[in-house]
Amino acid sequence: MTRLPALLALTLALALGSVTASAAEEPPAALRDVVVVGNSADGTVSFIDARTYENLGSLDVVPDLDAILAGMDPIRRAAYEVVRQQAGGDKFVDDAHLSPDGRTLYVSRGNLGDAAAYDIASGRQLWRTHLAGLKADHAVLSPDGRTFVVSAITAAKAQALDTATGRVTGEFATGTYPHENMYSADGSRIYNMSIGITSFPKALNALKGTKQVTVADATTLKVLRKYTFDKGVRPAVITPDGRTMYAQLSYLNGFIEYDLEAGRTVRTVEMPFSAAGAALKPDDYPQNSAHHGMAMNGANDKLCMAGTIDDYTAVVSRPGLTTDGFVHYEPGALPYWSLTAPGGHHCFVTLSNRDEVSVVDYRTAEEVARVKVGDFPQRERAGKVAPDALSGLDAP
């Protein structure tokens with residue numbers, strides 16, 4: 001009988017141990033759908049809940065700015081100031097993407113001419129890589145999260161970086177001033193759009209360089225095809241079947257429909273000017289862009305267009321390319337990028353001069369929310385973040 005309490009104690013201990021082990025093995029919390037917004041002028045990235053539109057906070061992605069500037073030799077510093085002047089001031093965040101596990105943020109840091117990775121929970125910089133040339137531009141993350149492709153704009157190339165180390169693993173030649181990068185729907189190809197030298201006036205368009213879409217194999221980075229255009233190719237979307245591209249071009253107050261198989265423009269759609277937009281000379285357009293921002297909804301039957309000089313967002317239905325409606329903004333708002341949020345029903349549009357993001361419903365062509373973010377928001381990207389990493393963000 002004296003052994004019974006000991007057996008009971010052992011049984012209880014094993015049961016408690018089992019409960020403890022089960023608790024320890026609970027799966028991590030589900031990743032949270034977010035939209036990350038690069039606040040170009042203040043060097044931060046805001047995190048917006050993709051469903052509730054709550055600003056969850058921001059991450060400083062230029063904590064090393066003073067050290068970088070102090071370490072520049074006179075030639076490099078002079079080049080930095082030239083890039084800064086041509087870019088219209090401080091432009092520290094050009095693009096930002098989240099790792100598939102929602103714990104790492106990758107950024108291309110515009111005027112600093114580099115790319116960097118940050119642990120979101122701690123804010124610690126994991127690596128920093130200086131790119132070829134003087135300025136880093138648009139970037140894209142591979143579907144598997146292993147490769148970060150960034151436009152080295154003044155070097156006329158796109159460079160691929162290993163996301164684990166920041167090491168440059170390859171590159172391919174592009175047109176003059178490479179801009180947007182995107183993967184095909186199946187992940188097998190990379191599309192790069194070049195815009196030409198934006199500091200030259202429209203009258204010298206022939207001297208701006210090669211304006212083209214470059215298509216490269218996503219694995220080998222071998223260039224597969226080039227499409228040449230008369231004007232710079234701005235934001236674009238490509239249908240999942242890879243046959244059709246909708247693109248905004250430099251100086252065009254609208255967009256084109258382009259047949260990628262035939263290599264020709266099928267339709268050119270001119271959108272209405274606002275009074276303020278019509279009063280501008282083409283050389284006054286921001287970085288040669290009349291309209292700058294395009295996205296496609298989840299059903300692939302509507303487009304979301306940022307009318308940059310016209311201060312509106314237009315929702316356009318395809319294939320007819322008829323306008324469903326407009327969301328008009330305050331004069332000078334500068335809508336500058338469009339992104340379809342997770343779920344496919346809403347378009348996020350940055351209003352760069354108002355430090356806000358406008359949320360537009362594709363189904364009604366109406367604004368459903370306005371979110372305050374940092375200084376001069378530009379590029380937005382959809383992703384997922386680990387809930388426990390959000391503690392590393394600064395409060396909005």
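**Close-up 1. Glu 180 and Arg 381 form a salt bridge, with their closest N and O atoms 3.4 Å apart.** The pair links distant parts of the chain, since Glu 180 lies in strand S12 (residues 178–183) and Arg 381 in strand S28 (residues 377–385), 201 residues apart. A salt bridge here is a side-chain nitrogen of Lys or Arg within 4 Å of a carboxyl oxygen of Asp or Glu, and strands are DSSP runs of E with at least two residues, numbered from the N terminus. Both Glu 180 and Arg 381 are buried, where buried means under 20% relative accessible area, exposed over 50% and partly exposed in between (1.4 Å probe, protein chains only). This is a predicted model, in which local features need pLDDT of at least 70, side-chain atom pairs count only at pLDDT 80 or more, and totals for chains, interfaces and linings use all residues. Residues are numbered from 1 along each chain as its sequence is written, and side-chain values use heavy atoms, with hydrogens and water left out.

**Close-up 2. The side chains of Arg 267 and Glu 257 meet in a salt bridge of 2.9 Å, N to O.** Arg 267 belongs to strand S19 (residues 264–270) and Glu 257 to strand S18 (residues 254–259). Arg 267 counts as partly exposed, at 29% relative accessibility, whereas Glu 257 is buried, with a relative accessible area of 8%.

**Close-up 3. Strands S9 (residues 147–152) and S10 (residues 157–162) pair in the antiparallel sense over six bridges.** Strands count as paired if DSSP finds at least two bridges between them. Phe 148 stands opposite Leu 161 in S10, and the bridge partner of Leu 161 in S11 is Val 168.

Key: Helix = DSSP H or I, 4+ residues; strand = E, 2+ residues; numbered from the N terminus.
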